[in-house]
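Reader: I am new to this structure, and I would like a friendly walk through it. Could we look at it together?

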Amino acid sequence: MMASAARVLAFSSALSFAPGIYRTDRRGVKVIEVSVISSRYSDTGNELKCNHVPMRAAVTIADLELAAHLATPPAEEVDLDGWLLRFDPLGFLRFSSIWPREATAPRNGPEEISERLDQAVEHYAQRGLAARLVLSPTAQPSGLTAELERTGWTQYVAAEVLTLAEFDDVTCEHGIVKLSSQPDDEWLQAWCRADSRVAAQQTEAHQHLSRVQLPTVYVSAGTPAIAIGRGIITSAGTAVLGMWVHPDHRRLGHAGRLLAAINRWGIEGGSPSMWLQVESTNDAARRLYRTLGFEFSYAYTGWVEPSGVTAPGC
């Protein structure tokens, strides 16, 4: 084993979740092999620790919305009188859509809603993109839904945000989970298999990952990877993103093991809670997350302009 890896093992009591390979069992997650530490971790003499992100004492929907935005930064964004226009070639709804960041009526009523919506659509048209918009409890100005329906916009996806204050990994079956602060080739290949948008635009996908400025862990199971996910420490808790298990290997406990590893990594980074988003039509995933203790926090919907082409996923 390399000297740097051995040094990490020596400090395992201070940080048991350095990037590496972990074994999950009914007593927790234990390290069996450790990889080289990356720049996302700070080495301060006799202590190796993950850089912490200040946690909110009581997390609100507004906190979760902001955390989701920071965890999935777009390639470009424009502030339109309080509405945030997000542009990204990958086309994921969360970071390629209009975010109307207000829940009250504009000062000038329906006329202002209509004018601002037209301006937003023009920004997307200038970039050759269809305009899409996210509505949530804290981003739903009075009159906006009526204006969307009146002008022919279509709601094409609905999703839920689930939160978990404390994860009980006693229910997770034994297995091996690999963690790293950077995605390796196996993780990236699995991501391409999981989502056609990523496979078609791999350069843009890599650029998106590199824009995230928060502590991040990439987890996988199997060689080659048959299950992957990401954990990002935000001020609203550890975000769980990109969970995917190969269809031939589902219902075998892989998702639970990945979540257990992400949770323990987050705890070491000062983030004891987790949150994630899942499409409302994904009944299997929703059942799994509820079984593991996740609870419903709020729902949001994605809308597309009349001439737009929808993209799958939330």
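Author: Gladly; one term first: contact means heavy atoms within 4.5 Å. This is a predicted model, in which local features need pLDDT of at least 70 and side-chain atom pairs count only at pLDDT 80 or more, while totals for chains, interfaces and linings use all residues. Residues are numbered from 1 along each chain as its sequence is written, and side-chain values use heavy atoms, with hydrogens and water left out.

Reader: Which residues is Glu65 in contact with, leaving aside its neighbours within four places in sequence?
Author: Glu65 is found in helix 2 (residues 61-71); helices (H or I, at least four residues) and strands (E, at least two) are DSSP runs, numbered from the N terminus. With those neighbours in sequence set aside, Glu65 is in contact with Arg94, Trp99, Ser136, Thr138 and Tyr298.

Reader: Does Glu65 count as buried or exposed?
Author: Buried means under 20% relative accessible area, exposed over 50%, and partly exposed in between (1.4 Å probe, protein chains only). Because Glu65 has 2% relative accessibility, it counts as buried.

Reader: Which residue in strand 15 is the bridge partner of Leu133?
Author: Two strands pair if DSSP finds at least two bridges between them. Strand 8 (residues 132-135) and strand 15 (residues 295-304) run antiparallel, joined by 4 bridges. Strand 9 (residues 154-164) also pairs with strand 15 in the antiparallel sense, over 9 bridges, and there Gln155 has Trp303 as its bridge partner. For Leu133, the bridge partner in strand 15 is Trp303.

Reader: Which strand supplies the largest share of the lining of the largest cavity?
Author: On a 1 Å grid over the protein atoms alone, a cavity is a set of points where a 1.4 Å probe fits but cannot get out, and lining residues have an atom within 4 Å of a point. The lining of the largest cavity includes Lys178, Trp187 and Tyr218. Strand 10 (175-180) and strand 11 (216-221) each supply at least two lining residues. The largest share, 3 residues, comes from strand 11.

Technical notes. 1 Å grid on protein atoms, 1.4 Å probe; cavity = no way out; pocket = protein on both sides within 12 Å on 5 of 7 lines; lining within 4 Å.
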